[in-house]
Structures are given as structure tokens and as C-alpha cells.
Amino acid sequence: MRFLSAGLACSLTLLCAACASSPAPATGRINPIDVPPAATRAEETAQWWYRSGAARAAANGAMGGEAKNVIVFLGDGMSLTTVAAARILEGQRLGGSGEEHQLSWERFPHTGLSKTYNTDSQTPDSAGTMTAIAAGVKSHMGAIGVSAGIRTDCADSLQRHVQSWLRLADDAGLATGVVTTARLTHATPAATYAHAPDRNWENDADLPEAARAAGCRDIAQQILDFPAGKGPRVLMGGGRGEFLPVTERDPEHVDKVGQRLDGRNLPAEWLAANPGGAYVWNTAQLRAAADADAVLGLFEYDHMQYDHDRDTGDAGEPDLAEMTRFAIERLAREDTGYVLLIESGRIDHANHEGNAFRALDETVAMSRAVQAAVEATSTDDTLILVTADHSHTLNFVGYPTRGNPILGKVRGRVSEDDDPNAYALDATGLPYTTLSYANGPGYTGASNRQLAGPKTHLHQPSSFEPAAGRPDLREVDTEHPDFLQEALVPMKSESHGGDDVGIWARGPGSDAVRGTVEQNVIYHLIVQATPALREQLCKSGHCNADGVPVELPVLTPVVPPVRAAD
């Protein structure tokens with residue numbers, strides 16, 4: 001079996017030598033873990049990625065962790081620039097100049113950096129990156145819970161299923177949950193419970209006939225691949241259309257019907273498997289389900305609304321902080337502990353749309369959710385880890401004066417003779433904003449959707465004309481929520497970036513979060529710091545003599561039960 005990679009092999013000689021001086025785990029000293037460097041990409045097998053990730057996490061001292069609970073916050077597309085700009089935006093909303101402010105997770109004691117490339121791409125996507133975070137192996141663009149291979153090859157992917165920490169936690173008897181503002185079948189949440197070589201196979205209508213014939217199944221139906229009464233106790237996000245048949249109208253948008261062609265009503269099937277559970281689709285129903293044994297919340301037909309745009313009433317959608325509090329309260333009822341993913345999925349979407357306002361606003365909303373988790377948990381038993389899957393092309397530029405509105409035009413000076421209250425001007429005499437994008441729909445040439453000049457959200461053109469210079473922004477409200485920052489390269493959708501993203505952590509095992517690590521190491525930091533997870537792997541023979549999980553679990557594809565004829 002061949003595994004591809006776009007990265008240079010890291011040197012593990014020094015890494016393993018560092019093990020001897022690393023903090024010893026509660027069970028004793030960890031010996032160096034031998035991992036020969038991969039000389040070629042073909043040698044970067046799934047087992048190599050898994051073992052090398054385990055070696056780095058152990059070298060950092062992750063085996064010393066004693067976490068009962070784990071909460072992973074994932075800001076999709078939350079680049080370091082997005083974090084910095086959102087920090088200033090929230091600080092300015094609170095009445096300060098902004099630069100001195102901190103988002104909730106920036107007060108965590110331990111910080112590292114994550115290298116995000118996929119095995120086949122310098123600049124990654126959300127599927128391959130989340131598979132690395134959730135399952136401990138790097139994989140190809142589009143991969144959901146499978147190790148690296150060919151995206152279109154269903155048959156081969158069936159032999160490459162990898163186990164996420166969410167499924168591992170379920171096997172170990174821990175409670176689990178998934179919360180997202182994107183579709184529940186979208187790349188990040190899907191990588192915790194599903195297996196597919198192509199992230200686009202969200203419902204059966206998306207699944208190619210050849211893939212179906214080879215034995216692959218759509219992502220939505222895999223949410224039912226747990227024994228009755230097991231599986232995530234909390235599942236919340238958007239994406240009702242992926243779960244409902246075309247014969248059923250959406251309960252909120254009566255002009256829409258489900259997308260499934262197989263006739264299956266997955267929320268009804270989920271309720272049948274969870275008789276004490278509740279299926280909800282608005283805020284009032286969620287609040288009424290506080291005592292339910294399990295909750296499936298699908299709050300939108302597609303992705304949930306941006307926080308800026310959502311209906312805040314009972315008939316609308318809960319915000320990320322409320323969903324976070326609900327999930328923690330429900331999972332904390334289990335004495336065994338829990339593992340919970342919380343994704344702010346729409347940071348990514350706003351960046352793709354070239355709209356810095358919504359990208360930053362969603363990041364601020366995530367900061368409130370992280371703070372809610374901090375207030376609901378203890379550092380004694382709960383590891384909270386905040387990270388991103390990949391970066392974006394958002395730029396933070398110019399020389400704005402201290403306290404200048406982060407979404408505004410640059411006011412400041414380069415030399416002592418400049419007026420700090422006047423607009424800074426480019427070489428053609430025009431003002432410019434602090435934030436811009438390297439590419440995307442904010443390109444100022446005329447498109448088939450909007451005239452030449454500044455663009456307004458939502459702008460999804462299929463063609464552009466070359467721009468004739470830059471527009472004059474003096475009379476343009478660049479702080480308006482719908483203003484699109486200028487983009488250098490015209491594109492319908494702004495692209496991801498390939499730069500590193502941050503990791504912030506607090507709680508048991510968090511001191512192992514340090515340095516620059518491959519993204520798949522995050523899985524190993526979590527698993528090694530959580531005794532119930534590492535012990536579950538040791539029971540099944542995946543640990544070395546020191547109790548470090550170093551052997552990649554081999555999973556057998558799930559064979560769904562035969563359904564009675566409709």
C-alpha cells in the first residue's frame with residue numbers, strides 16, 4: 001500500500017534523545033521511542049505517522065497527564081492573523097484600544113504551533129487536517145477518517161479506516177459529544193465519527209454509484225454506526241438537509257425538502273436507537289431537552305447562521321456558548337468522564353467569502369464559548385485544547401496608529417512629519433485598510449455579479465474583469481459588516497493558507513503542548529494525557545512496554561444492520 005506526503009521527514013533522532021529529560025509519567029520513566037526517519041514519501045505510511053506522532057508527544061511529556069475529560073475547540077480556518085485581529089476587535093468593542101486585549105484561550109498557560117500540510121498538498125483542507133488531529137495520522141486532501149490514498153478510490157479506503165479519539169472514547173466507556181456551527185456532516189465534525197476518502201460524500205445523493213457499489217457509505221448515515229444507546233450523547237450543528245429524505249419538508253424552511261434519495265429519515269432512526277433522546281431544531285426545543293438522555297440538534301437546513309445574522313429568539317438558533325454549556329452539563333452527568341469536540345466552523349466560511357467582519361465576529365463568539373467551558377470545568381480534571389485546522393490569506397498590514405479601528409482604514413504615520421490622524425496613503429495617493437486578503441472575491445475589478453469598485457457580502461462571482469487601479473475608499477464604510485476587504489488575486493472563493501496555526505491548552509497534560517509539531521501529534525497529546533484512552537489502546541495491544549500507544553489501530557469497516565423493508 002502506498003502513502004503520499006508533501007512534507008520533508010522530520011528528524012526523530014534528536015526528538016527521541018529528548019525523551020530521557022522529559023517529565024516522567026505517573027507510571028514511571030518513558031524510554032526513547034525508536035522511529036526511523038522516512039527517507040521518501042512512500043515510507044511515510046500511516047503506521048509511520050502514528051508512531052512518529054506518539055514519539056513526539058511522549059518526548060514532550062504527555063504521558064504524565066491525568067485528564068478525566070477532554071474538550072477540543074477547533075476554530076476552522078482560524079489563522080494567527082485572524083486571532084490577532086479578533087483580539088483587537090473584541091478589545092475595541094469593550095472600550096479599549098484593542099491591542100492589549102486577550103481572547104479567552106490566550107490566557108491559557110501552554111502554547112505551541114501546528115504544521116498543517118496534507119500528505120499531498122502544501123496548503124491543506126479541513127478534512128485531511130482534522131483527520132490528523134482526530135486520528136493521529138496525516139492524510140490526503142478530502143480524507144475523512146482514512147489514511148492517505150487516492151481520494152476517489154472507495155475500495156482501497158475501506159482498508160484504511162483510522163480510529164478517532166471520539167470513537168476510542170466511546171469504546172472506552174466515556175461519554176462523547178460533537179458541537180459545530182457548520183453542517184454536522186462537514187469535514188471537521190465528520191472526521192470524528194465517519195470514514196470516507198472524499199469529504200463531499202455527505203449524503204447518499206452525493207455518493208458516486210461506483211463508490212456505493214464498492215461498499216462506501218455517505219457520511220450522514222455513519223452517525224448511526226454506534227450500538228443502540230451508545231455513541232455521542234450530544235450532536236449539535238446544522239445540515240438537516242443531509243439527514244432528511246426528499247419526500248419530507250424541512251420543519252423550518254417549508255420551501256425546502258431533504259436531500260436523501262434513499263428514503264431514510266436519519267433523525268427518526270437516531271431516535272429509535274436512542275429512545276430517551278430528543279431531536280431538536282431551535283433554541284426553545286434545545287432548552288426543553290436539558291434532561292434528555294441524548295440530544296441531536298440540527299438547527300439549520302445547511303450551515304448554522306453567522307452569529308451576526310442569527311435569530312436570537314426562541315425560534316432561532318443557539319449560539320456557540322450556549323451549545324457549549326449545554327454539552328458540558330449533559331456530558332458531565334457521566335461519572336466516567338467525556339471527550340467533546342466544539343467547532344466554530346464559520347470562521348472559515350467568512351474568510352472564504354472575503355469578509356473579515358464575520359470572520360472576526362465568529363472568532364469572538366468562539367472566545368465566549370471557550371470562556372463558558374473554562375467556567376464550567378476544573379483544571380484538575382479537564383484538558384481544554386484550542387487550535388485551528390489551517391490558515392487563510394488574511395493580511396494585517398500598514399502602520400496604523402495604536403487603537404485604530406481594526407476594520408477601518410489605516411491612520412498613522414511612517415515618518416515624524418506625517419499627521420497621525422490622517423489616512424495613510426499608498427503610492428498612488430489612495431487610502432487602504434489594515435486588513436486585506438491575498439486572494440478572493442474582494443478583488444475590485446468588475447465581476448459578473450457586481451460593478452467595479454469595493455465589493456459587498458455575499459459576492460460569489462464566476463468571472464472578473466481586470467481592475468483599473470484601486471478604488472478610493474475615503475467615503476466607503478470599511479467597518480460595515482458587509483464590506484469585503486480588497487483582494488489582490490481575483491477568485492470566487494478566497495483560499496486557505498499554508499502557514500502554521502496555534503495550539504493553546506490548559507489542564508492535565510497541557511504542559512506537553514509546546515514547540516512546533518506536526519498536526520497529527522495533537523491526537524497523541526490528547527490520548528497520552530487521558531488515562532482512559534491510552535489504557536483502552538493498551539488493552540487491545542497497541543502500546544509498547546512503557547504503556548505508550550505506538551501501534552496504529554486497524555479498524556474493520558462497519559457493516560450496517562439490515563434494515564426492514566419500508
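Modeller: The proline in question is Pro-124, which is found in the loop between β2 (110–115) and α4 (126–135). The model is a predicted one, and what follows should be read accordingly. Pro-124 has a relative accessibility of 2% and therefore counts as buried, the limit for that class being under 20%. Leaving aside neighbours within four places in sequence, Pro-124 is in contact with Thr-116, Tyr-117, Asn-118, Thr-129, Met-141, His-390, His-496, Gly-497 and Gly-498.

Ala-191 lies in the loop between α7 (187–190) and α8. The relative accessibility of Ala-191 is 4%, so this residue counts as buried. If residues up to four places away in sequence are not counted, Ala-191 touches Met-130, Thr-131, Ala-134, Ile-144 and Ser-164. The C-alpha atoms of Ala-191 and Arg-411 are separated by 44 Å, and the two residues are 220 residues apart along the chain.

Ala-321, by comparison, is found in a helix, α12. With a relative accessible area of 6%, Ala-321 is buried. Apart from residues up to four places away in sequence, Ala-321 touches Arg-368, Ala-369 and Ala-372. Gly-408 is 87 residues from Ala-321 in sequence, and their C-alpha atoms are 28 Å apart.

Helix α12 (residues 320–331) and helix α14 (residues 356–376) cross at roughly 25°, and their axes come within 8 Å. Angles under 35 degrees count as roughly parallel, and α12 and α14 are therefore placed in that class. The crossing of α12 past α14 is right-handed. On the α12 side the contact is made by Leu-320, Ala-321, Thr-324, Arg-325 and Ile-328, and on the α14 side by Met-366, Arg-368, Ala-369, Ala-372, Ala-373 and Ala-376. As a general point, an α-helix has 3.6 residues a turn, so residues three or four places apart point the same way.

Helix α2 (residues 46–59) packs with helix α15 (residues 521–528) at an angle of about 60°, and their axes are 8 Å apart. That angle makes α2 oblique to α15. The crossing of α2 and α15 is right-handed. In this contact, Trp-49, Tyr-50, Gly-53, Ala-54, Arg-56, Ala-57 and Ala-58 of α2 meet Val-521, Tyr-523, His-524, Leu-525 and Gln-528 of α15. The residues involved comprise eight nonpolar, three polar and one charged. Helix α15 is mostly covered, with eight of its eight residues buried. The buried residues of α15 are Val-521, Ile-522, Tyr-523, His-524, Leu-525, Ile-526, Val-527 and Gln-528.

A search of the whole structure finds two disulfides. One of them is formed by Cys-154 and Cys-216, with sulfur atoms 2.1 Å apart. This pair links distant parts of the chain: Cys-154 is in helix α5 (residues 154–157), Cys-216 is in the loop between α8 (209–214) and β4 (234–238), and the two are 62 residues apart. The link of Cys-154 and Cys-216 is right-handed, with 115° about the S-S bond. Both Cys-154 and Cys-216 are buried.

The other disulfide joins Cys-538 to Cys-543, with an S to S distance of 2.1 Å. Here the link is left-handed, with -95° about the S-S bond. Cys-538 has 31% relative accessibility and so counts as partly exposed. With bonded cysteines counted along the chain, the disulfides of the protein chain follow the pattern 1-2, 3-4.

One feature of the backbone remains. The peptide bond from His-457 to Leu-458 is cis, with omega near 5°. Leu-458 has its place in the loop between β12 (455–456) and β13 (483–484).

Definitions and conventions
Residues numbered from 1 in each chain as written. Predicted model: local features only at pLDDT ≥ 70, side-chain atom pairs only at ≥ 80, totals over all residues. Heavy atoms only, no water. Axes fitted to C-alpha atoms, helices over the stretch in contact; angles between N-to-C directions. Helix = DSSP H or I, 4+ residues; strand = E, 2+ residues; numbered from the N terminus. Parallel < 35°, antiparallel > 145°, perpendicular 65-115°, else oblique. Left-handed = near helix turned anticlockwise from the far one by under 90°. Contact = heavy atoms within 4.5 Å. Nonpolar A, V, L, I, M, F, W, Y, C, P; charged D, E, K, R; others polar. Disulfide = S-S within 2.5 Å. Buried < 20%, exposed > 50% of the residue type's maximum accessible area, 1.4 Å probe, protein only.
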